[in-house]
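Let me put the structure up and write down what I look up.

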Amino acid sequence: MAGILGIYLFDSRWNAYNFGVFGLMALQHRGQETAGMELFGDSRVKLAGKGLVEQVLASSPANGHVCIGAVSPYPQEEAEVQPMALADDLSVSIDGKITSVDGYAWDPSLGYEANLRRAYVSLYYNRTDIESVKGFFGRCGGGFSFIAVNAAKEMVAGRGALGVKPLVLGKMGFDGGIVASESCVMDIIGERVPISPAENIEPGEVRVFTPMSAYSEQLSIPKRRAYCGFEYVYLARPDSYINDVPVYRVRRNIGMKLAQESPADADVVIGVPETAMPFAMAYANETGIPVEKGFELTGRRVRSAMKPNQVERLKGVQLKLNVISEAVRGKRVVLIDDSVVRGNTLANIVYLMKEKGAKEIHVRIGSPHIISHCPFGVEVPGEDELIGKHLSEDKIAEVIGADSFRYLSLDGFIDATGMKGEELCTGCFSCSYPEV
Amino acid sequence: MKILLVGGAGREHAIALALKRSPTEPRISCFADLKNPGINKVVKETGGEFFLGSINDSAAIIRAAQKAGADFVFIGPEEPNFHGVPDRIEESGIKCIGAGRKVAELEMSKASMRDLQWKYRIPGRLWYKKFKTFEEALPYIQEYAESVALKPARQSGGKGVKVIEDFQVYLQEDKRKVKKEHAEMIVKEHMKDYDDIEYKLLIEERVWGPEYTVQCFTDGRTVVPMPAVQDNKHAFDGDLGLETGGMGSISCGMNLKWGVDDDRAIITEDECKRSADIVKQMIDAIQKETGQKYHGIAAGQMMLTSVWGPTIIEMYSRLGDPEAGNVMTALKTDLVEICEGIIEERLNAIKVEFEDVAVAVKAVCPEGYPDKRDLAKGHPVALDGPWDGILWASAEESEGAIRTGGSRVVECVGTGDTLPEASARAEELTRRVRLTDGWRTFHRKDIGSEKSLLRRIQLGSMARDIYTYRERKGLLGKRMIWVPGKGLVEVG
C-alpha cells in the first residue's frame with residue numbers, strides 16, 4: 001500500500017512544495033520506508049529517497065504549482081521510489097496493486113513496475129494525453145487508486161472500479177484542488193471548511209485537472225464495490241473519512257462489539273498504542289471497566305506492523321511499548337490490539353506486561369483472524385507466516401502466554417463498519433476476494 | 001408604453017423577458033455594446049429598435065431613448081451607474097430605473113461602502129482596512145494579515161478578488177507571498193485604468209458560511225426584497241477552481257428552500273428579513289449621506305457568518321447576473337407597473353409578488369473562461385430547439401450568425417417544484433448548446449443537486465449555531481483578542 005497525494009494549483013504564482021511536504025506527512029502512517037514527490041513548474045523536479053517525509057523531502061525546496069507524491073512501506077529491491085515514470089513525461093503515484101491490464105499479457109519474468117511500463121507503452125506508445133491516461137487506467141484491474149501528471153502538466157486521478165483503495169478530493173479556495181488517499185490531508189493543508197472537508201471519489205471515477213478545466217468522469221461502471229475493510233481496522237488515520245464513513249466511528253463500534261461478543265472479568269482495559277486506543281476506550285465504556293494508559297513510548301512514533309523484518313518490528317514494539325507497571329500490577333487486564341499477523345509482537349507485549357506484574361491478561365483483537373495474503377498490495381506476509389490461519393484462539397492464547405484470546409467475529413466487524421458486507425473486501429479475514 | 005433597456009448580457013435578457021410579459025404590451029428597445037441575440041429577438045417581437053454603442057455614453061443613450069420615444073430607461077449593468085448615466089438621463093427629462101452616481105457609490109467603492117456601514121453601525125459589518133497604494137499595504141500584509149479577502153476597492157466586474165485562508169502557520173510563508181503578489185497585482189493591474197477612486201485595495205477578514213444575494217426594488221422610500229438567490233462562484237463542479245462572475249444560481253421561495261413544500265432551507269425566513277433590513281439601512285444611509293434619491297435596484301451579496309449571522313460581503317446597485325434569471329423568472333407582478341411605482345415613488349402601494357417556484361440557472365461557458373477569455377471568444381454557437389428557458393449572455397449576433405463573446409455564453413433556466421427538479425431541467429437545456437467549431441464548453445452539473453444542497457444546508461446550520469450563541473450572549477459582531485502584555489482588545 002501507499003499514501004498518495006496530488007496538488008493542482010491553477011495559478012503558477014503558488015508553489016506546491018510545502019503543501020506537498022505537509023500533505024505527505026499527514027499520510028505518513030500509510031508508508032514509512034520511502035517518500036517521494038515530483039513538482040511540475042517550469043521544469044519537472046523529482047525528490048525521493050528512503051526514510052520519512054521529514055528526512056527525505058523537508059530540506060530540499062523545489063518549485064512547481066502542480067505536485068504529486070507518495071509514501072510507501074517495504075521498498076522493493078531496484079524499484080523506483082514513487083512517483084514512478086509510467087512513460088516519458090508521465091509520472092504516477094499508485095496506492096494498491098494493479099493485477100491486470102486489458103489488452104496486455106503480463107510477463108512473469110519482469111517485475112511489477114516493468115510490466116506496468118511495458119503495458120502502457122505497448123498500448124499507448126509515448127502518448128500521455130488525458131484520453132490515453134484515462135484509457136490505460138480504465139483497462140487496469142485490481143485494487144488501486146492513482147494520481148498521474150502528464151507531459152502537459154495535466155493531472156488525472158482516480159479509483160479502480162472495485163474501489164478497494166480510497167481516494168478523496170479537497171479544495172484550496174479558488175486556487176486549486178487536492179487529491180489524496182485520506183481526508184485528513186485536507187485538514188492539514190486544505191481549506192478549513194467546517195463540514196466534512198473532502199469529497200469521496202467514487203469507484204471507477206476519475207478527476208481531471210487542466211489549466212482550463214476540472215471535471216469528473218465515470219471511467220468504468222463498477223460491477224460491485226469492494227472497499228478495503230482493513231482501512232477501518234488499521235490502515236487509515238482515525239481522523240479520516242474513508243468512503244464517507246468516519247474511521248473513528250468504526251473503531252469505536254469495533255470496541256463496543258468486542259465487549260458484547262467477548263466480555264472478560266477484569267480490572268482494567270488497556271489498548272496497544274496507537275491504533276487500538278479507540279477500541280479500548282469503547283470496550284471500557286461498554287463494559288464499565290476503567291481504561292488506563294498502559295504504555296509509554298521512547299523515540300519516534302512508528303507503525304511497527306509495517307516494518308519490513310522481524311528485528312525492526314520488535315525494535316519498534318519494544319521502544320514503543322514500555323509497560324507502565326503501576327497500571328497493570330496485580331490487575332486482571334483486558335489487552336486490546338487491532339490485529340494479529342504473526343503474533344510475535346503480541347507475545348512480546350504480553351510477556352512484558354506479565355513481567356511488570358499483571359495478574360491475568362485477556363487479549364481481545366479488533367478484527368477477525370487474518371488468514372490470507374492481500375492481492376491488492378496490503379503488506380500481509382505469506383500464508384505460512386500467519387498465526388491465525390494455523391492456530392485456534394485457545395492455542396494462540398497459550399502461545400503468546402495470555403489467559404484468554406478472542407477475535408472480533410466477521411459479522412461483528414461488518415456491523416461495526418455500518419456498511420453492507422457485499423460492499424466490503426474482507427478477503428484477508430475470509431480468503432474470499434472480489435473477482436477482478 | 002415604450003422602454004429602452006441598457007445592457008446586453010444574460011441579466012438584461014431576463015429583464016427584457018419580464019418586461020415583455022407586461023399586459024401593457026411595451027415596445028422594448030435595447031442599447032448595448034453587443035447585439036445579444038435573445039434581447040434582439042424580444043426587440044424585434046415588440047417592435048423596438050436595437051442600438052449599438054458604449055453603455056457608459058449617456059449622450060448616445062439619451063439620443064436612443066428620444067428616438068425610441070421611451071417612457072423610461074431601465075439600466076441593467078453597474079458601469080453606467082458609476083458613470084452617472086441615470087443622472088444625465090433624468091436631467092434630459094426622461095425617467096430612469098437605475099442608481100444615480102452618488103448612491104451607486106455603495107457598489108462602486110467597496111471602501112466607501114464599509115466606511116458607511118461602520119459609520120451608521122449597520123449589522124453584518126466585516127472588519128476591514130483600505131489602502132491607496134501597494135507600498136502602504138505591504139507592512140500590514142507582512143505582519144498582521146492572516147485569513148483575509150483581498151479586493152480591488154473599486155468594483156471591477158467582480159474580478160480580482162482573492163480569498164486566502166492563512167491559518168496553518170507551517171504554510172504561512174507561501175500564503176503571505178501570494179497575498180503580497182496579489183495585492184500588488186490588484187493595485188497595479190486591476191485598478192490601473194480607474195482614476196475615479198481614491199482607495200485601490202481593500203483587505204477584509206475572511207469569513208465562512210453560505211452565500212446568498214438579496215435583491216431589492218427601491219424608490220428611495222420603500223424597499224421591496226425579492227427571493228434570496230444563491231450564486232455559485234467556482235468555475236467547476238464541487239465548488240472547485242477559479243472564481244467566476246457566477247456559474248449559475250438557485251432560488252426557491254423567499255429563503256432558498258429545498259422545494260416549494262419543504263421545510264428544509266439554506267437560510268431561515270427571519271435571516272432573509274434581516275438581510276433585507278440591512279439592505280434598507282444601507283439605502284437609507286447612502287441617501288442621507290449624499291442627498292440623492294435611490295431609484296432602482298439595490299442588492300446585498302450576503303453571507304450567513306458565524307460572527308454576525310447575515311453579513312454584507314458586497315453591495316450591488318443593480319440585479320446580479322445570473323441572479324436576475326431567478327427573480328425575473330419568478331416575478332408574478334407586472335415589472336412595468338413596478339418600474340412606474342419606482343419612478344413615481346409609490347412602490348409602497350404596489351403588491352409585488354413572486355411565484356412559489358424553484359428556479360435553477362446554469363451558465364454554459366466556452367473553455368478559457370474565466371481567465372483566458374481571448375481563447376473563449378469568437379466561437380460560433382448553435383442552439384438546438386426552441387429558445388424557451390434560454391438567456392443569451394456573452395453572445396453576439398451579426399450577419400445571421402452567433403459567436404461567443406468570451407464570457408458565459410448562455411444561461412439555462414429550469415423551474416420545478418424542488419430545486420433538484422429545476423436543476424435537472426436546466427441540465428437538459430445545457431445539452432442543447434454547442435460550439436459548432438468543436439471548441440469545448442463547460443458548465444456546473446452540481447448546481448441545485450441534492451448533494452450540493454445538503455452541504456449548503458449543513459454549512460448554514462453550523463454558522464447559525466455559532467451566531468445564535470453569540471446573539472444570546474450579546475456578542476454578535478464582537479471580536480475579542482487577548483494580546484499578552486497589552487490586554488484585551490475589542491473589535492466590533
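I started with the two domains of chain A: their C-alpha centres lie 33 Å apart in this predicted model. I have domain 1 down as 3-223 and domain 2 as 247-422; the bounds come from an automatic or database domain assignment.

Next I checked where they touch. Domain 1 of chain A puts eleven residues into the contact and domain 2 of chain A puts in eight, with contact meaning C-beta atoms, placed from the backbone, within 7 Å. On the domain 1 side, β6 (90-101) and β7 (140-149) of chain A each supply at least two residues, and β6(A) gives the most, with three. Strands here are DSSP runs (E, at least two residues), numbered from the N terminus. I sorted that side of domain 1 into three nonpolar, six polar and two charged residues; Gly counts as polar.

Then I turned to chain B. I found an open sheet of four strands there, in the order β21-β22-β19-β24, with antiparallel pairing; a pair needs at least two DSSP bridges. β21 (395-398) and β24 (433-435) of chain B are the edge strands with a single partner each, so one side of each has no neighbour in the sheet. How many bridges join β21(B) to β22 (residues 401-405) of chain B? I get four, and the two strands run antiparallel. B:Glu396 sits opposite B:Arg403 in β22(B).

For confidence, I noted ipTM 0.88 and pTM 0.91 for the model.

Housekeeping: residues are numbered from 1 along each chain as its sequence is written, and chains are lettered from A and ligands numbered from 1 in the order written. Local features need pLDDT of at least 70 and side-chain atom pairs 80 or more, while totals for chains, interfaces and linings use all residues; pLDDT is the predictor's confidence in each residue, from 0 to 100.

Definitions and conventions: Contact = placed C-beta atoms within 7 Å.
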